[in-house]
Amino acid sequence: MAMEMRLPVARKPLSESMGRDTKKHLVVPGDTITTDTGFMRGHGTYMGEEKLIASVAGSVERVNKLICVKALKTRYNGEVGDIVVGRITERRRSAEDELAMRGFLQEGDLISAEVQAVFSDGAISLHTRSLKYGKLGQGVLVQVSPSLVKRQKTHFHDLPCGASVILGSNGFVWIYPTPEHKEEDAGGFTANLEPVSLTDREVISRLRNCIVSLVTQRMMLYDTSILYCYEASLPHQIKDLLKPEIMEEVVMETRQRLLEQEG
Amino acid sequence: MASVALSEAEKVYIVHGVQEDLRVDGRGCEDYRYVEVETDVVSNTSGSARVKLGHTDILVGVKAEMGTPKLEKPNEGYLEFFVDCSANATPEFEGRGGDDLGTEIANTLYRIFNNKSSVDLQSLCISPREHCWILYVDVLLLECGGNLFDTICIAVKAALFNTRIPRVRVLEDEEGSKDIELSDDPYDCIRLSVDNVPCIVTLCKIGYRHVVDATLQEEACSLASLLVSVTSTGVVTCMRKVGKGSLDPESIFEMMETGKRVGKVLHASLQSVLHKEESLGPKRQKVGFLG
């Protein structure tokens, strides 16, 4: 059995460990971004007293004449076409609903769906009108901040390490064993409750710890970053990935590989 | 207790994983998550400690006050426990929602300390039947991530280790009236011996096996748990079963043995961390809440 107790260590500011050339311009709500009135104001800013002031906490982004503030941690704002993973918390109580839906979906079930429409009060309507969406079976859910999920063409990934991942734009990441037959995807409405093999479980647990490490170090989540992190973590035991120094080491290696790949 | 909703398939996945000794985060059934302990974080207490275990965050403060001993135990001081479930931990604790859980935890703490050897209560007595030290132990739940009892006990033990009670002398003059004199030196204090203070090990029964240090998701899959309070030598001071499900007497025996084994390792790790922190001396870097 393993038990480790330690004294806490103060966190190092990320900019030191990253060695960036350009420092990000970080602001908090109420900070003045600029007094130059020639800029157009984007999301996260407002005009007050002849100055452009930030309304959210985040980094300032400038595209020609447009200034906006990208929030570091924010609630999910739905957009049409986004893939989300969600848990059913409440349901409409009507006669037809009771008869028809309860056979398929219960409270507490997880589903993957696509955003169909966004209402003006912020409510979102979802649809599962394709076989790739629907009820999710056995697997692990990791909840992360929505701002860390990178917008990509597809959010369903079958990773070569032996498991599949759905990166919901709302920050819910679902890791599950890759189904053998292609017809029965993660969708449909019947769940497969057979035991998952030990090798698949190890891959899923390792992926889960890698995603948690990436998120703790504020790295964007997408298939390449998760895959590189998985490969960097292979020399360590799965449960060791929960320790801060090993987490840092693995994420540092991932970051380097991603920079090399870009450069 | 704070709970998470899980789908049937997720529960099945967790239960099967535990049977094969591979939990969702890669730990075995007897592995704890990474623990951080720091003492002396609150300045206006006699002793304090903060413990973080995964997502569970507990802050304990101990205040020593003078009072009269209880009638049935005139030569001893005593401990009073109070547990506050802060609404920061989970929205369920808003308003009076956390009171039930708080009283349950406080009652468990009273039970495990309710024996002669956990804390040397006679050292808390100043003059029999008249004055004694009362230690008010306040526990604050900052964040709830599963396995509350274990973390709270570790924090209480660390806070008691850190407690410094001022040394007092009772002066009696000719007329017989007593005067209590506090020593001039603020560092002249007595410390409690925490060698026999017990720690709780929570064992949750999931399927056919039991796990130590369950996360919120694992607690949702477990129907019954056993709380075993163990001292550093492996002596069980109290045991309690929680949950709606039933436990086989055979499994209770197995779980108790696991609890004793795990408890001894827990105490050894905690002792070494506390001594290491003390050896760093008063100049050590305090991380506190903004680290």
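Q: What makes a space in this predicted model a cavity?
A: A cavity is a set of grid points where a 1.4 Å probe fits but cannot get out. The search of the whole structure finds two cavities of 30 Å³ or more. The largest cavity holds about 40 Å³ of space.

Q: How do you know which residues line the largest cavity?
A: A lining residue has an atom within 4 Å of a point of the cavity. For the largest cavity, these residues are Arg201(A), Ser205(A), Tyr13(B), Ile14(B), Gly17(B), Leu22(B), Arg23(B) and Val24(B). Two elements give two or more residues each to this lining: α3 (198-216) of chain A and α1 (8-19) of chain B. The largest share, three residues, comes from α1(B). By class, the lining has four nonpolar, two polar and two charged residues.

Q: What lines the second largest cavity?
A: This cavity, with a volume of about 30 Å³, is lined by Thr108(B), Ile112(B), Ile200(B), Leu227(B), Val228(B), Ser229(B), Cys238(B) and Arg240(B). In chain B, α2 (99-113), β13 (224-230) and β14 (236-242) each give two or more residues to the lining. Here β13(B) has the largest share, three residues. The classes divide into five nonpolar, two polar and one charged.

Q: Why is the other kind of space called a pocket?
A: About 1,300 Å³ lies in the second largest pocket. Its lining has 30 residues, and Ile88(A), Ile111(A), Ile124(A), Ser125(A) and Leu126(A) lie nearest its centre. Strands β9, β10 (110-118) and β11 (124-127) of chain A are the elements that give two or more residues to that lining.

Q: How do you know that chain A and chain B are in contact?
A: Contact means heavy atoms within 4.5 Å. By that rule, 37 residues of chain A are in contact with 38 residues of chain B. The two chains bury about 3,400 Å² between them, 66% of it on carbon and sulfur atoms. In chain A, Met1(A), Met5(A) and Leu7(A) lose the most area to chain B, together 22% of what that side buries.

Q: Why is the pair Asp31(B) and Lys239(A) called a salt bridge?
A: The rule asks for a side-chain nitrogen of Lys or Arg within 4 Å of a carboxyl oxygen of Asp or Glu. The side chains of Asp31(B) and Lys239(A) meet at 2.8 Å, N to O, so this pair passes the test.

Q: What makes the salt bridge of Glu10(B) and Arg87(A) a link that joins two chains?
A: The closest N and O atoms of Glu10(B) and Arg87(A) are 2.9 Å apart. Glu10(B) lies in helix α1 of chain B and Arg87(A) in strand β9 (residues 83-87) of chain A, so the pair joins two chains.

Terms used: Residues numbered from 1 in each chain as written. Chains lettered and ligands numbered in written order. Predicted model: local features only at pLDDT ≥ 70, side-chain atom pairs only at ≥ 80, totals over all residues. Heavy atoms only, no water. 1 Å grid on protein atoms, 1.4 Å probe; cavity = no way out; pocket = protein on both sides within 12 Å on 5 of 7 lines; lining within 4 Å. Points joined across faces, edges and corners; volume = space filled by probe spheres on them. Helix = DSSP H or I, 4+ residues; strand = E, 2+ residues; numbered from the N terminus. Nonpolar A, V, L, I, M, F, W, Y, C, P; charged D, E, K, R; others polar. Buried area = accessible area lost by both parts, 1.4 Å probe.
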